[in-house]
Amino acid sequence: MTFQVRRTGELLADGMTRHRVDQLPRVDGMTGLRVVGDEPQDARLVRVHAAWEKAPTGSVLAGWAAAVVHGVPDSFLDGTVDGTKLRPVDLCVPESAGTYDTRGLRPRRSRIPGEQQVVIDGIRVTNGPRTALDLARWTRTDPRRLAMLDLSARFGLIEPALFATFLDPLGGLHGLGAVRDMVPLVSDRAESVPESTMRHAWLDAGLPSPLVNPSVHDRYHDFVGRTDLFDNDSGLAAEYQGFWHRRDLAPEEDKARRERFEAMNVTVVEIWNKDSDRMQALLREGYERAKARDKRLDSWTLPGREAV
């Protein structure tokens, strides 16, 4: 690591001039701190280290900040609420914590057992399973809850088959029951939070459990593409179209790809951000069209294990 987050008072006490201190980068959302050295490309790390510098003795970083330390990229957790507003850093503090500056922090009086803690790069954070649990239980909606568990599985915070065992002895934690309900749905193949949200809508609409990001081939077993969600029985494919699908040549490429799928008798439903309120209706309508297709025209294939 080539940077440190230091308190301004400490820098002055070490002999750095006020002018020099004022020239150092500040930390977004926090006061009295400066970044010394080369700022990292991942701006989230600055806030994580700043929170740790401010944390009272005995604290443990949790939630999204712990996930960052564990290596979850900003394409999944960017440290904001809506892409612009900074999300406070989750910090589990002991009951004995005295007075401290909480700006930029979200202190939680949640005791973390020693076996659920780990030190990474000098920062004490919740371990993988506890980080996944907190990410999921601290969110307000089931679609987001599933997304937090999916990303936890994708980046190795949990093994889906073992996570239920981790949860079994726990009790008394707010939101624990809602997390337990999501465990059977977790997939380590989801490639974005919106994909997971779409999969929750698919399941909530009563459609068969889909394959997640399978490779779809033509009748000659040549690869055509991967779909976010796919039902091999009906031939329904669902694609989440983020803003990047409107950039550069993406619209033309998406059109050509969609036409290749449709030529194999695959029914494609595209979901955009504007469709969030009617996602289930679009998926159900697509499923009905897929079930009503002329099956004699089906010409897609899946590799052996992905066809299951």
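This is a predicted model: local features need pLDDT of at least 70, side-chain atom pairs count only at pLDDT 80 or more; totals for chains, interfaces and linings use all residues.
Let me start at one residue pair: V118 has V125 in β7 as its bridge partner.

Residues are numbered from 1 along each chain as its sequence is written, and side-chain values use heavy atoms, with hydrogens and water left out. Helices (H or I, at least four residues) and strands (E, at least two) are DSSP runs, numbered from the N terminus. Two strands pair if DSSP finds at least two bridges between them.

Back to the hairpin. Strand β6, residues 117-120, and strand β7, residues 123-126, run antiparallel and are joined by four bridges. Two residues sit between these strands, and D121 takes a positive phi near 50 degrees there. Most residues other than glycine have a negative phi. D121 lies in the loop between β6 and β7 and is exposed, at 63% relative accessible area. By exposed I mean over 50% relative accessible area; buried means under 20%, and partly exposed is in between, with a 1.4 Å probe and protein chains only.

Where is H221 found? H221 is in the loop between β9 (215-218) and β10 (223-226). Its phi is positive as well, about 70 degrees, although H221 is not a glycine. With 57% relative accessibility, H221 counts as exposed.

Next, the sheet. Four strands form an open sheet in the order β8-β11-β12-β13, and the pairing is mixed. β8 (211-212) and β13 (267-272) are at the edges with a single partner strand each, so one side of each has no neighbour in the sheet. Strands of a sheet pair through backbone hydrogen bonds, either parallel or antiparallel. For β8 and β11 (residues 229-231), the sense is antiparallel, over two bridges. L211 has F230 in β11 as its bridge partner.

Two helices need a mention here. Helix α11, residues 279-291, packs on the sheet and touches β11, β12 and β13, and its direction makes about 170 degrees with that of β13. Helix α9, residues 193-204, lies across β8, β11, β12 (236-241) and β13, running at about 140 degrees to β12. Axes are lines fitted to C-alpha atoms, for helices over the stretch in contact, and angles run from 0 to 180 degrees between N-to-C directions.

H200 is in helix α9 and is buried, with a relative accessible area of 11%. What is H200 in contact with, leaving aside its neighbours within four places in sequence? The residues are D142, P143, L146 and M182, where contact means heavy atoms within 4.5 Å.

Now the rings. One is F163 with F166, which is stacked, at 6.0 Å centre to centre and 15 degrees between the planes. Rings of Phe, Tyr and Trp (its six-membered ring) pair if their centres lie within 6.5 Å, and planes under 30 degrees apart count as stacked, over 60 as edge-to-face and the rest as tilted. F163 and F166 are three residues apart in helix α7 (residues 160-167), which means that about one helical turn separates them. F163 counts as buried at 2% relative accessibility, and F166 counts as buried at 19%.

The other pair is F230 with W300, which is edge-to-face, at 5.9 Å centre to centre and 90 degrees between the planes. F230 is in strand β11 and W300 in strand β14 (residues 300-301), so this pair ties together parts 70 residues apart in sequence. F230 is buried at 1% relative accessible area, and W300 is buried at 11%.

There are also charges over rings, meaning NZ of Lys or CZ of Arg within 6 Å of the ring centre and within 35 degrees of the ring normal. R108 lies over the face of W138, 3.7 Å from the ring centre. R154 lies over the face of F155, 5.9 Å from the ring centre.

Last, helix α3, residues 43-54, which holds H49. Buried or exposed? H49 is buried, at 14% relative accessible area. Buried residues in α3 include R44, R47 and K54.
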